[in-house]
Amino acid sequence: MSLIPSFLGNQRGSIFDPFSLDVWDPFKDFSSLSTRFPQETSAFVSTRIDWRETPEAHVFKADLPGLKKEEVKVEIEDNSVLQISGERNIEKEDKNDTWHRVERSSGKFSRRFKLPENVKLEQIKASMENGVLTVTVPKVEVKKADVKAVEISG
């Protein structure tokens, strides 16, 4: 009798049996996910974006190799959502070519980020260099309260 339910892949071994070679791998089915989704969404899934906050701004960096700045859109929706989107086009196939492997993704991608309230929407800047998109969202300056030392008498 297996200690692993059948809905987890019909594994026959037990994860508690140290001599069992048939161990359930919880990640084995993830490799087949790319074949289950259409090619259009693979670019969406693989678009990686870093979001870093500095004292002055929120900085977003996206790796978009092979794209021109004209193929990328940076938009603000509802004065609170940053959307980065674009499209990678499929290379035109020559009927005389033999393809051995196709790993580069193509299709549309879109990423959205809810911005905090302390940003200056009218001063957002975006630049693209060497396939890296950088979006800088300046923050509203927070005035620090004046703190004065009070002398204690006594």
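Mentor: A residue counts as buried when its relative accessible area is under 20%. Keep that in mind as we look at this predicted model.

Trainee: Why does Gln 83 count as buried?

Mentor: Its relative accessibility is 11%. The cut-off is under 20%, so Gln 83 counts as buried.

Trainee: Where does Gln 83 lie, and which residues is Gln 83 in contact with, leaving aside its neighbours within four places in sequence?

Mentor: Gln 83 lies in strand S4. With those neighbours set aside, its contacts are Lys 73, Val 74, Glu 75, Glu 77, Ser 110, Arg 111 and Arg 112.

Trainee: What makes S4 and S5 a pair?

Mentor: Two strands pair if there are at least two bridges between them. Strand S4 (residues 81–88) and S5 are joined by eight bridges and run antiparallel, so they pair by that rule. As one example, Val 81 stands opposite Lys 114 in S5.

Trainee: Why are S3 and S5 said to stand at the edges?

Mentor: The open sheet has three strands in the order S3-S4-S5, with antiparallel pairing. Strand S3 (72–77) and strand S5 (107–114) each have a single partner strand, so one side of each has no neighbour in the sheet. From one strand to the next, the twist averages 15 degrees.

Notes:
Residues numbered from 1 in each chain as written. Predicted model: local features only at pLDDT ≥ 70, side-chain atom pairs only at ≥ 80, totals over all residues. Heavy atoms only, no water. Helix = DSSP H or I, 4+ residues; strand = E, 2+ residues; numbered from the N terminus. Axes fitted to C-alpha atoms, helices over the stretch in contact; angles between N-to-C directions. Buried < 20%, exposed > 50% of the residue type's maximum accessible area, 1.4 Å probe, protein only. Contact = heavy atoms within 4.5 Å.
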